[in-house]
Amino acid sequence: MAEATYLEAIRQGLWEEMESDPSVFCIGEDIGIYGGAFKVTDGFVHHFGPQRVIDTPIAESAIVGAAFGAALTGLRPVAEFQFMDFIGCAFNQIVNMVAKSHYRWGAPAPLVLRGPAGGGVHGGPFHSQNPEMYFVHTPGMKVVAPATPSDAKGLIKSAIRDNNPVLFLEHKFLYRRIKEDVPENGHVVPIGKARMHREGRDLSIITYAAMVHTAQEAADILAKEGIEVEILDLRTLSPLDREAIAQTVKKTNKVILLHEDTRTGGLAGEIAAIINEEAFDDLDGPIVRITSLDTPVPFSPPLEHYFLPKVEDVVREARKLHSY
Amino acid sequence: MATKSKPAKSSGKKTQQAAATANGRNGAAAKKSASSPQSASATKAPAIQLNQYGIPDWRLEQPEFEVIEVTAGREVHYEIRGKLDTAVPPIRPSKYLSPDQHVELYRWMVMNRRMEVALENLYKQSKVVGGVYFGLGQEACSCASAYALGPDDWFAPMIRNQGAQLVRGFHARDIMMQYMAKSGSPTHGKDGTSHYGDIEKRHMVSPISMLGDLLPVMAGVSLGARLQGKELACLTWIGDGGQSTGVSYEGINFAAVRKLGLVLIVESNLWAYSTPTEYQVGVKDLANRAVGYGMPGVIIDGTDACQVYDATYEAVQRAHRGEGPTLIEAKLMRMKGHAIHDAAAYVPKEMHEFWRKRDCIDRFEKYLLEKKWLTPEQNQKLIDEVEKELDADREFAVNSPMPEPHTAAEGVFCDGCHNIKPKYGMPKKARGEGKLKASEAAIHFK
């Protein structure tokens with residue numbers, strides 16, 4: 001075990017998979033000599049060679065299409081989006097070509113689409129988005145959004161080994177802000193399993209990615225008031241861990257759904273529906289949603305701060321729900 | 001006299017080679033194009049002209065007409081202006097096909113056309129679910145190109161390239177069952193028409209309805225094989241309409257940059273659904289775009305099976321040598337509507353008549369009979385055998401069951417049903433013993 005940032009943990013996972021399985025290769029914009037806009041593949045091209053760390057033209061559909069084509073020959077491509085916002089440029093290729101291929105004609109698509117998502121870094125409307133719901137809504141796609149370095153490492157490895165297309169959302173706010181001891185080689189985190197981030201008895205916060213840390217801060221404040229908050233980190237957004245969601249609701253009977261993505265059509269709505277289906281009788285209060293506003297991600301710091309869910313929002317809503 | 005290496009000698013190729021040498025990115029493409037395959041037979045063929053952009057034009061006739069939109073009173077329609085009474089051109093003798101191969105290729109074209117007649121009949125008997133798409137007039141383009149592939153090569157047909165599927169080992173019953181949404185169809189009823197594939201044996205990538213998306217995918221197949229030490233030709237087709245999409249540009253450009261084995265046939269079939277080429281693109285010859293991509297381009301008569309075969313064959317050899325993609329523009333006309341519901345009333349009658357006289361199968365048949373590579377008796381026997389095979393396939397398809405409803409819920413994910421491993425060999429491992437070093441470099445956003 002050695003301490004690593006969220007960014008280093010992803011690098012380690014990717015490196016280890018490329019070392020152990022030569023059928024894994026990386027493809028994307030500026031990932032070779034430059035090492036990527038966020039340096040995830042820094043130094044990779046020198047070690048693995050330009051055949052396995054491939055710089056492409058600025059053409060997201062070509063990146064995904066080429067990755068899919070290579071996957072059809074039995075390889076496991078890892079395609080980088082410089083910013084996840086640009087995934088919109090490859091939407092058709094992902095949704096219609098890749099995600100449907102196994103269902104339609106029995107061709108598996110073992111590719112990883114990875115890159116930085118999320119706000120809080122004043123990136124503005126085109127460098128801060130959370131595009132998960134387009135793909136959670138797409139049958140055939142798996143969607144992963146780790147919150148910790150260990151999970152980031154373990155999940156990138158699982159994503160690469162998976163026989164299906166996996167969208168791997170790295171939260172850019174977390175890249176160098178969080179650190180922890182990360183296991184060495186052999187550490188794998190299964191896709192589809194949520195993680196109990198913090199045990200509590202009074203109410204549950206179901207969340208993922210950077211908001212796990214917002215929930216954590218809020219829980220620390222609430223603990224001092226005697227409110228014991230449980231935090232469930234989903235880690236995988238599709239397929240959702242329905243069992244873990246039902247379990248925490250059955251335990252605390254009160255639930256807050258928290259995400260950085262915008263509100264309407266966000267994952268919270270889907271989780272609320274699952275709770276209705278799996279644990280309606282266990283609820284002792286209304287299901288509460290805390291999300292970003294239904295606007296594009298604004299650029300100016302005071303605007304972005306207003307847009308994003310904050311610790312004080314969580315504390316306020318938790319107090320209210322606790323006293324319900 | 002023009003030779004088969006003509007398209008490879010376009011200025012586009014020189015540019016590309018220079019670029020590849022400068023940045024050293026061309027992977028296995030390091031080999032020089034020293035090989036100069038020689039003609040199989042010394043049949044005399046007319047010289048090949050270069051157009052104003054230096055693109056070789058193999059055609060023996062350059063039709064001179066254009067379609068324009070005309071407003072007459074309260075009605076808007078298309079008219080054709082130009083020379084329509086020119087003589088039908090001969091077949092350009094193939095440099096590579098043996099007499100037997102000519103006949104085999106002709107048989108595929110006959111099978112292609114007659115299978116589509118069978119599909120039309122099945123539709124009229126209400127046995128088809130949805131519509132039927134035809135490649136009438138495009139059989140040479142579908143069959144002769146697929147016929148030029150090597151055994152390991154990949155292909156990805158568009159909706160009008162059903163002949164290519166036959167040539168590459170699928171049966172008419174597969175296609176019939178696709179149209180009838182049967183359980184035994186290649187997609188087990190999950191999708192219809194030509195929307196199926198096979199990555200195990202026949203190396204066919206399934207098309208999707210959105211046009212152009214196959215181009216980067218086929219470039220990627222070539223890339224994936226190259227990583228495994230194999231240079232493949234990856235053949236796909238696109239229409240004059242389909243190439244308008246942005247992803248077409250992305251895919252072709254990527255193939256050109258990486259000198260991948262994409263063999264792209266642009267079927268300029270003059271109608272994109274109901275929109276004539278003149279209202280689809282600003283250039284007269286789509287092959288001219290090869291210059292902009294930095295790759296060789298060639299113009300052929302898409303109704304001449306020999307031209308289709310030879311041009312594809314050369315592009316395939318080029319791909320096998322790791323020298324990069326080729327753009328072949330095949331000029332022809334789609335002789336039916338977009339799909340069976342479309343009577344193509346928007347097509348000027350004289351235009352249809354012009355191309356009907358240039359029918360690819362009629363001309364090829366006549367050519368083979370004249371050459372005495374096929375006797376009238378052999379021809380009749382061939383046709384009878386094709387019909388017999390189609391009858392048997394139709395019986396099989398009609399009598400096969402529909403899928404079990406519950407299978408609709410199956411197969412979204414691969415849950416270990418496939419054992420995924422590199423098809424051609426493991427890519428080379430890491431070069432050194434180096435370890436991952438932590439990166440402290442500045443990043444785009446803190």
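1. Let's start with a term: a residue is buried if 20 or more other C-beta atoms lie within 10 Å of its own, exposed if 12 or fewer, and partly exposed in between, with C-beta atoms placed from the backbone. By that rule, 49% of the 446 residues of chain B count as buried.

2. A word on what you're looking at. This is a predicted model, where local features need pLDDT of at least 70, side-chain atom pairs count only at pLDDT 80 or more, and totals for chains, interfaces and linings use all residues. Residues are numbered from 1 along each chain as its sequence is written, while chains are lettered from A and ligands numbered from 1 in the order in which they are written.

3. Chain B in outline: it has 12 helices and 11 strands. Helices (H or I, at least four residues) and strands (E, at least two) are DSSP runs, numbered from the N terminus. Two residues are in contact if their C-beta atoms, placed from the backbone, lie within 7 Å. Of the contacts in chain B between residues at least 6 apart in sequence, 77% join residues at least 24 apart.

4. Now for the meeting of the two chains. On the chain A side 55 residues are in contact with 60 residues of chain B. At least two residues each come from α1 (6–20), α2 (44–48), α3 (60–72), α4 (91–98) and α5 (101–105) of chain A, and α3(A) gives the largest share, 9 residues. By class, this side of chain A has 25 nonpolar, 22 polar and 8 charged residues. Here Ala, Val, Leu, Ile, Met, Phe, Trp, Tyr, Cys and Pro count as nonpolar, Asp, Glu, Lys and Arg as charged, and the others, Gly among them, as polar.

5. Chain A itself is divided into domain 1 (2–182) and domain 2 (195–322), with bounds from an automatic or database domain assignment. Their C-alpha centres lie 26 Å apart. Between them, 26 residues of domain 1 are in contact with 23 residues of domain 2. On the domain 1 side, α6 (132–136), β6 (142–144), α7 (149–161) and β7 (166–171) of chain A each supply at least two residues, and the classes there are 14 nonpolar, 9 polar and 3 charged.

6. Have a look at A:Gly119, in the loop between β5 (112–117) and α6 of chain A. Is A:Gly119 buried or exposed? A:Gly119 counts as buried, because it has 25 C-beta neighbours inside 10 Å. Leaving aside neighbours within four places in sequence, its contacts are A:Ser128, A:Glu260, A:Val297, A:Glu304 and A:Leu308. A:Glu304 is 185 residues from A:Gly119 along the chain, yet their C-alpha atoms are separated by 8.2 Å.

7. Next, α9 (residues 242–252) of chain A. Its buried residues are A:Ile245, A:Thr248, A:Val249 and A:Thr252. Seen down the axis of α9(A), these fall within an arc of 100°, so they line one face of the helix; the arc is that of the directions from the helix axis to the C-beta atoms. Their cover includes β10 (203–207), β11 (229–233), β13 (255–262) and α10 (267–279) of chain A. Just after the helix, A:Asn253 takes a positive phi of about 65°. In the loop between β12 (236–238) and α9 of chain A sits A:Pro239, and the peptide bond from A:Ser238 to A:Pro239 is cis, with omega near 0°.

8. Back in chain B, α3 (residues 139–147) and α9 (residues 305–320) pack at an angle of about 35°, with axes 8 Å apart. Axes are lines fitted to C-alpha atoms, for helices over the stretch in contact, and angles run from 0 to 180 degrees between N-to-C directions. B:Ala140, B:Cys141, B:Ala144, B:Ser145 and B:Tyr147 in α3(B) meet B:Ala305, B:Val308, B:Tyr309 and B:Thr312 in α9(B). That contact has 7 nonpolar, 2 polar and no charged residues.

9. The loop between α5 (172–179) and α6 (214–227) of chain B holds B:Pro186. B:Pro186 is buried, with 23 other C-beta atoms within 10 Å. Apart from neighbours within four places in sequence, it is in contact with A:Trp105, B:Asp174, B:Gln178 and B:Tyr196. B:His188 also lies between α5 and α6 of chain B; its phi is near 55°, a positive value in a residue other than glycine.

10. B:Ser126 has a positive phi of about 60° although it is not a glycine, and it counts as exposed because 7 other C-beta atoms lie within 10 Å.
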